[in-house]
Amino acid sequence: MDSIVVRRLKKSYGRTLPPAVDLQEPFSVRQGELFGIIGPDGAGKTTLFRLLTTLVSPDEGTATVEGLDIVRDYRQLRTITGYMPGRFSLYPDLSVKENLTFFASVFGTDIKTNYHLIGDIYCRLEPFEDRKAGNLSGGMKQKLALCCTLIHSPRVLFLDEPTTGVDPSSRREFWETLARLKDTGMTIVVSTAYMDEADRCDRVAMMKSGRFLVTDSPAAIRGDFGRQLLAVRSDEMFRLLQDLRKMPQVDRCYTFGDTHHVVLNDGCKSAPEGIGRILEEEYGHKGVSVRVQPATLEDCYMNVGG
Amino acid sequence: MAAFGYLIVKEMKQFNSNRFMPFVLVLLPVVLMLFVPLLANMEIRNVRLMIVDHDRSTTSALLTDRIAQSEYFRFAGYCDTYSGAVDEMGMGHTDIIMEIPAGMERDIGRGEQVEIFIAANAVNSTKGSIGGGYLSSIITDFSEELAAGLYAPDAPVQASGQESSGAGAALSGDVIGGGATMPLTVSPQFRYNPHLDYKLFMVPAMMIVVIILIGGFFATMSIVSEKEAGTIEQINVTPVRKRDFISSKVVFYGILGLIAFTLAFLIGHFVYGLAPHGGLPELYVGAVLFLVFMAGFGLIISNYSDTLLQSVFLMLFFVLIFMLMSGIFTPVSSMETWAQYLTYFLPTTYFVNILRAVCLKGSQFSDLTFNYIMLSVFAVLINVIAIVTYKKQR
């Protein structure tokens, strides 16, 4: 059973501007699926969220969420979705508790009814219940925002870059919470800039210039990389990067952790040893190590459409 | 309507959690009502006067004494020549020059007319014209006293005026003591404000400023700041209707506006003795109509501004026009003709008319029908525009 069904969706903010979202192909998100969206800044992720949460109406095309049309049934739709914008947008001048109470009453419910959903997050916030939301730390703010989004037990959850600016341990905790929520049957759509997070999704869509370039499970996307990828190291890493980019066999080269990832040109299937020998003999690098690298999601992201 | 309740509660909590807003609510009417009317005073004192006395006689000394008795003038000194005195005025050492012609005493003794020349610095036009007016009326009094034989031989003295250094029209207040007795005397009686107290003119104006600032400004700023903070986004994804959201703000700040207005009125009543005959229904109907207008106006501003800064500048721009052009501070009748027509399009004009008439004259609804109708027309019109422009935003 599909939770979100998009047939075609187009939205531009000005006649002269290219459309922010321009989905030509239909796509759908299954109920209880954790669906990730990755893409560079300005790819149209936030606009897509705003369309699906009825904040803006599309220029062309339609979509349904839980069978409700995003234009026609927007009022009903708003009662069953939860949206957490990328920017902290709770009332900074109200306390933690006041914010939560307010958003509960907005949805005609109270904190007790859905405490089971937020309990394990909110228990961390309880010591600061009377603190103004604006005075919380970044991670605490995110936790509170998630609580306020979950307080009415939404059937579909939209999270726009929820972990940007949050420390690694809080991020891990956050994703564990998402996994638990997913187990309750909630559909979750999340955009992220972190590839390790995208790896945790059931399916991932790579978005660029308002379009989905690839939509598949992370494993399938990695498997479809289809090009020879090498991880290269030497004693002079910076010169190595410049030299690699000069080589005719190399299509792209970029730093990746403590190595350089090299994507070879399609026709060129030379073995890693061949590249290593050229580096040592022609460019005079020392301590060269070249090995075949299985593609990560980040490699796919770097090379898709780009 | 259930939404309305907790939205108001939310506004209240936000208002209370702000250390500074409740303070402003009380301080604004108190300061505006207690201090501004005292400061904005059209009475001129300490006008610096320089005398060029070519006569140097007993009569000229008497005249100088007579002027010294009034509390309006302060002597800036004597000068031998008129041109020297004008130089002094140019340096900013004196505001008014009085030139007494040579042979004044002799001419008065012969029963001839004498002209005394007054030149006023009209860079500060109020000081110039009012100071010049005071001086010529003192000279006129002096001339009458001479004529009545209080001092010595009777003879009229005439003051002729000139305002210099500014866009000065000739003084209009020159009164001529024409003969030994005054056949006609004017004794004006100023109704409703018998002492021509500028304070009483100002106090109702301050009550309007209070309503504009709290009822209009606060609501707009609160809507726009939610836009700026992104919280409106979070509200928009909930089932709360936008009209509930906005009306909760308008109603909440409207009530605050009325509280501040009441505070201002109480100060006006007990400190300045305003509205001795009641007229509360007249005042509050006017205030509510005006608040409805300000709410619609603020909504239009908030429709077109995305940041607080933008909305505050827009608000200030229009509020200044409202205040300066609607007769709050200066009478409409003394404006240019085109500006007088313009005032018909400013609802503040009608509200200020209502406030002044009720507070000073004790007017009732029947006396002010036109003003109430116009105020209602504007209130409805601006809210229609607000709703139309609001709908276009989406």
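**Domains, sheet, cores and chain contact**

In this predicted model, 48 Å separate the centres of domain 1 of chain B and domain 2 of chain B, taken over C-alpha atoms. The assignment places domain 1 of chain B at residues 47-164 and domain 2 at residues 195-393. Chain B contains 15 helices and five strands. Of its 394 residues, 39% count as buried. Among the contacts in chain B between residues at least 6 apart in sequence, those that join residues at least 24 apart make up 76%.

Chain A is likewise assigned a domain 1, spanning 2-222, and a domain 2, spanning 225-303. Their C-alpha centres are 37 Å apart. Where the two domains of chain A meet, eight residues of domain 1 are in contact with seven residues of domain 2. On the side of domain 1 that touches domain 2, the elements giving two or more residues are helix H7 (195-198) and helix H8 (218-223) of chain A. H8(A) supplies the largest share of that side, with three residues. By class, this side of domain 1 of chain A has six nonpolar residues, no polar residues and two charged residues.

An open sheet of four strands is found in chain A, in the order S13-S14-S12-S15, with antiparallel pairing. Its edge strands are S13 (250-256) and S15 (289-292) of chain A, each of which pairs on one side only. Neighbouring strands of the sheet are turned by 25° against each other on average, direction ignored. In general, the strands of a sheet pair through backbone hydrogen bonds. Here, strand S12 (residues 229-233) of chain A is joined to S15(A) by four bridges, and the two run antiparallel. Within this part of the sheet, Ala231(A) stands opposite Arg291(A) in S15(A).

Two helices of chain A pack on this sheet. Helix H9 (residues 237-246) of chain A touches S12, S13 and strand S14 (259-264) of chain A. The direction of H9(A) makes about 160° with that of S13(A). Helix H10 (residues 272-282) of chain A touches S12 and S15 of chain A, and its direction makes about 160° with that of S15(A).

Which residues touch the most other members of the largest nonpolar core? In this core of 86 residues, they are Leu52(A), Leu144(A), Cys147(A), Ile151(A) and Ile188(A). The core lies between domain 1 (2-222) and domain 2 (225-303) of chain A, because both give residues to it. Ile151(A) shows the surroundings of one such member: leaving out residues up to four places away in sequence, Ile151(A) touches Leu100(A), Phe103(A), Ala104(A), Phe107(A), Thr109(A), Ile111(A), Asn114(A) and Ile118(A). Another core, of 63 residues, lies apart from the largest one and includes Met202(B), Ala287(B), Ala295(B) and Met325(B).

The contact between the chains takes 20 residues from chain A and 16 residues from chain B. On the side of chain B that touches chain A, helix H1 (2-17) and helix H9 (231-236) of chain B are the elements that give two or more residues. The largest share of this side, five residues, comes from H1(B). Sorted by class, the side of chain B that touches chain A has five nonpolar, eight polar and three charged residues.

Notes. Residues numbered from 1 in each chain as written. Chains lettered and ligands numbered in written order. Predicted model: local features only at pLDDT ≥ 70, side-chain atom pairs only at ≥ 80, totals over all residues. Nonpolar A, V, L, I, M, F, W, Y, C, P; charged D, E, K, R; others polar. Core = buried A, V, L, I, M, F, W, Y, C linked by C-beta atoms within 7 Å. Buried ≥ 20, exposed ≤ 12 C-beta atoms within 10 Å, placed from the backbone. Domains from an automatic or database assignment. Pairing = 2+ DSSP bridges. Axes fitted to C-alpha atoms, helices over the stretch in contact; angles between N-to-C directions.
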